[in-house]
Amino acid sequence: MTEITVTVLRFNPETDAGPHPEEYTVEVHDGARVLHALHAVHAQDETLAYRYCCGSGQCGSCAVQVDGAPVLACLAEAKDGMVVGPLALPVVQDLEVDLSPYLERLAYIDPAPCAAFPTKEEIEAIKPLRDCIECMACVSVCPALLVTDFAGPTAMRQDLRLALDPRDTGDRINEAVKEGLFFCTSCQRCWKVCPKGIEIPGKAIERLREIANRQGLSLPRHIDVAELVRTTGRSVPRTKETFLEEVPGVIEPEGEARATVGFFVGCMYNGRLPDAALDMIEVMRRNGIRVVVPHEQVCCGSPLIRTGQTAFLDQLKRRNIEAFRSRGIDTVMTMCAGCGSTLKNDYDTPFTVMDATEVLDRYGIEPPAKLRIAATYHDPCHLLRGQGISEEPRALLRKVAETFVETPNRCCGSGGGVRSGVPEEAAALGAMRGEAFEASGADVVVSCCPFCEFHIAEHTKLPVKDLMTLLREGYEQKDRDGAGQQ
Ligand code: SF4
Ligand code: SF4
C-alpha cells in the first residue's frame with residue numbers, strides 16, 4: 001500500500017459560496033486508479049459526492065478532471081498530489097455534474113417499419129461512431145458551447161451515426177445544421193479528451209458537413225470561399241503583392257547551407273501576412289537553411305475540408321504534391337498551423353512535412369538578442385492538437401523574450417470556417433481570448449498561425465506577433481548591439 005495526498009474540489013450549492021479544495025491523505029494499492037483513491041477519500045468522508053458504475057471504462061459515469069484534464073476515474077492512474085475536480089459542466093455536488101441537458105440533445109433512432117439491416121459497409125462506417133459511452137468529457141471542453149447553443153460534439157457524432165443507418169428515417173443532416181453543425185471550430189479538443197478516441201471533428205463533423213454540402217446546406221460565406229479557391233487557387237483575395245511574387249524560387253542561406261527545405265506558404269501568409277513569411281525566410285537564411293519555394297503551389301484545401309466542400313480537393317492536392325516532388329524535395333516546411341496539419345493529416349505525401357519551429361528545433365539556431373518584453377504564447381489548435389507541437393515554439397520564444405508567461409490554452413474561435421461562416425461566435429471566442437491575454441501580464445502575444453494572429457489582433461489591445469517576426473527582431477537587435485560595441 002502507498003500513502004498519497006489527493007486534493008478534491010468540493011462544492012455543495014446549498015451551503016457553499018463556491019468550489020473549495022479539500023486535501024486528503026489516503027492509502028491506495030500499487031497501480032490504483034483515481035476511482036480507488038476516491039473510494040478511499042469517501043471512506044474518510046462519506047459526504048463526498050461522486051459517480052461511478054462499471055469501474056472498467058464502459059459506462060462513462062465516473063468522468064472527472066484530474067489536474068485540469070478530463071479523464072475516466074476508473075482508468076486514470078492515481079498520483080500523489082493530484083487535484084480531482086468535476087468536469088467543466090454544471091455541478092450538482094462535488095464531482096457530480098448535470099449531464100441531462102446534453103443527454104437530452106442526443107438523437108434516438110426513428111426506425112422505418114420492416115427496414116433492411118445495414119450492409120457490411122454501412123456497419124463498418126457506423127462502428128467507430130458507436131463507441132461513445134456518453135461520459136460528456138467532449139462536451140465539457142468544447143469552446144463552441146461557451147458562446148452558442150451548440151448541441152455538442154457527441155450529438156453531432158450521434159447525428160452522423162443515425163444518418164448512415166438505413167433503418168433510421170430522421171432528417172439527421174438538417175437536424176445537425178439546426179443543432180449547430182457549423183459552430184464547430186475544428187479545435188480537436190473533443191477528440192483528444194475522448195476516452196474512446198472518437199475522432200469527432202474529422203470523422204463526424206466534417207463528414208456531416210460534406211453531406212450537408214451535397215444537399216445544398218453549406219453556409220453562403222463558405223460557398224464564397226470555395227468559389228474563390230476554385231477560380232484563383234487561393235482562399236484569400238489578392239489585395240497587395242503576395243509573398244510568392246516577392247521571392248525567387250530558391251533562397252540561399254547567408255553562409256554554408258546546413259539543410260534544404262521546400263516551403264509551403266499557405267494562403268494567409270501569401271496574400272494577407274506576407275511580411276511574417278519574409279521574416280521567417282530571414283530567420284532560415286541566418287541559420288543556414290536553404291529554402292525552395294515552388295511558385296505553382298496553391299491552397300492546401302483546408303478551408304474546403306473543414307467546411308465539407310471537397311469536390312475539387314484532389315486537384316489541389318495533386319498540384320501541391322507535384323510542385324515539391326518534381327523538385328526532389330524531401331522535407332516540406334510549413335509555418336501556418338492549418339496548412340501544416342492538413343499536409344500532415346489529410347494528404348498522403350511522398351515527403352516529410354515539418355513546421356518551421358520543428359525545422360529550427362532540429363537544426364538549432366544562433367541565439368538572438370533577448371528583447372525586453374514579457375511575451376505570452378497562443379497555441380494554435382492545429383499546431384498543438386493537429387501536429388502535437390507545443391514545446392518547440394515555447395523554447396524559441398524563451399530564447400528571444402526576456403520574460404515568458406503562460407496563458408491557459410483555449411481556441412481563439414477563428415478555425416473550422418467559423419470566422420467566415422459564424423462571425424458572431426468567432427468574435428465572442430476571440431474576445432474571451434483577448435481578456436485572458438490582457439490578464440496574463442504579458443505585453444505581447446505571440447503565435448505561429450496567421451488565422452489565429454489575425455483574429456486575436458482584433459480582440460486585444462496588446463500587439464500580436466508571429467514568432468518568426470519576433471526572432472527576426474531578436475537578430476536585428478543583436479546586430480545593432482554588435483555594431484554599437486564596435
Ligand atoms: S472540434 Fe472543438 S469546437 Fe468542434 S466539436 Fe470538438 S471541441 Fe467542439
Ligand atoms: S464522444 Fe467520447 S468524450 Fe464524448 S461522450 Fe462519447 S465517449 Fe465521452
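The protein chain is assigned four stretches as domains: domain 1 (2-97), domain 2 (102-214), domain 3 (243-358) and domain 4 (363-485), with bounds that come from an automatic or database domain assignment. The model is predicted: local features need pLDDT of at least 70, side-chain atom pairs count only at pLDDT 80 or more, and totals for chains, interfaces and linings use all residues. Residues are numbered from 1 along each chain as its sequence is written, while chains are lettered from A and ligands numbered from 1 in the order in which they are written.

Between domain 2 and domain 3, the C-alpha centres are 33 Å apart. Six residues from domain 2 and six residues from domain 3 make up the contact, where two residues count as touching if their C-beta atoms, placed from the backbone, lie within 7 Å. The side of domain 2 that touches domain 3 comprises three charged, two polar and one nonpolar residue; here Ala, Val, Leu, Ile, Met, Phe, Trp, Tyr, Cys and Pro are nonpolar, Asp, Glu, Lys and Arg are charged, and the others, Gly among them, are polar.

Attention now turns to the ligands. Ligand 1 is surrounded by 14 residues, the closest being C142, P153, C184, C187 and C190; a residue is near a molecule if its C-beta atom, placed from the backbone, lies within 6 Å of it. Two or more residues of this shell come from each of α8 (189-193) and α9 (200-214), helices being DSSP runs of H or I with at least four residues, numbered from the N terminus. The shell around ligand 1 contains 10 nonpolar, three polar and one charged residue.

Around ligand 2 there are 14 residues, of which C132, C135, A137, C138 and C194 come nearest. The elements α4 (137-141) and α6 (153-163) each give two or more residues to this shell. Its classes are nine nonpolar, two polar and three charged residues.
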